[in-house]
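I opened my notebook beside the viewer to look up a few residues, a sheet and some rings. Here is the model I was working from.

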Amino acid sequence: DWTYQDDTQYALSVSPNTIGPSYNVFNAMIALSGEDSRWRVALLARNIGDESYMTNILDNGFQRGTPRDDRRYFGINARFNF
C-alpha cells in the first residue's frame, strides 16, 4: 500500500515552525494461508523508502511526534484460528 500526506500545519498559531513537510510511505506484505483459513503467515515490510516523518509538532518547535513506522522495518506475522 501507499500513503501520501501533503504539507501539514500542526498549530493554530500558523507558525512556519509547525509545518510538517509532505511525505510518501510504501508498505508491502505477502502472505500464505491454509486452505481452511485457520492459519496465515505473512512477511511484511513497512516504510520501504525509509521516509522520516512526524505526526505532530508543538509550537515551541522542539517536541515532535514520530510514529513507529518512521523508520523502515521488516517482520513476520503469524496467525492461527482455533
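The entries below follow the order in which I looked things up.

**Ground rules.** I worked on a predicted model, in which local features need pLDDT of at least 70, side-chain atom pairs count only at pLDDT 80 or more, and totals for chains, interfaces and linings use all residues. I number residues from 1 along each chain as its sequence is written, and side-chain values use heavy atoms, with hydrogens and water left out.

**Entry 1: Asn-27.** I found Asn-27 in the loop between β4 (23-26) and β5 (28-33); strands here are DSSP runs of E with at least two residues, numbered from the N terminus. Is Asn-27 buried or exposed? Its relative accessible area is 13%, so Asn-27 counts as buried (buried is under 20%, exposed over 50%, partly exposed in between, with a 1.4 Å probe and protein chains only). I then listed its contacts (heavy atoms within 4.5 Å), skipping neighbours within four places in sequence: Asp-1, Ala-45, Arg-46, Asn-47 and Ile-48. With Asn-47, the side chain of Asn-27 reaches the backbone nitrogen at 2.9 Å.

**Entry 2: the sheet.** Next I traced an open sheet of three strands, in the order β5-β6-β9 with antiparallel pairing (two strands pair if DSSP finds at least two bridges between them). β5 and β9 (73-80) are the edge strands with a single partner each, so one side of each has no neighbour in the sheet. I noted six bridges between β5 and β6, and Ala-31 has Ala-42 in β6 as its bridge partner.

**Entry 3: Arg-40.** Strand β6 (residues 39-46) also holds Arg-40. Arg-40 is partly exposed at 25% relative accessible area. Not counting residues up to four places away in sequence, I see Arg-40 touching Met-29, Ala-31, Leu-32, Ser-33, Asn-77, Ala-78 and Arg-79. I also checked Asp-7: its C-alpha is 38 Å from that of Arg-40, and the two are 33 residues apart in sequence.

**Entry 4: the rings.** How many aromatic pairs does a search of the whole structure find? I got four (ring centres of Phe, Tyr and Trp, using the six-membered ring of Trp, within 6.5 Å; planes under 30 degrees apart are stacked, over 60 edge-to-face, the rest tilted). Trp-2 and Tyr-4 have ring centres 6.5 Å apart and planes at 35 degrees, so I logged the pair as tilted. Trp-2 and Phe-26 have centres 6.3 Å apart and planes at 15 degrees, so that pair is stacked. Trp-2 lies in β1 (residues 2-5) and Phe-26 in β4, so the pair ties together parts 24 residues apart in sequence. Trp-2, Tyr-4 and Phe-26 form one aromatic cluster. Trp-2 is exposed at 53%, while Phe-26 is partly exposed at 43%.

Definitions and conventions: Helices (H or I, at least four residues) and strands (E, at least two) are DSSP runs, numbered from the N terminus. A polar contact is a pair of N or O atoms within 3.5 Å; within protein, one must be able to donate a hydrogen and the other to accept it, and residues adjacent in sequence count only if both atoms are side-chain atoms.
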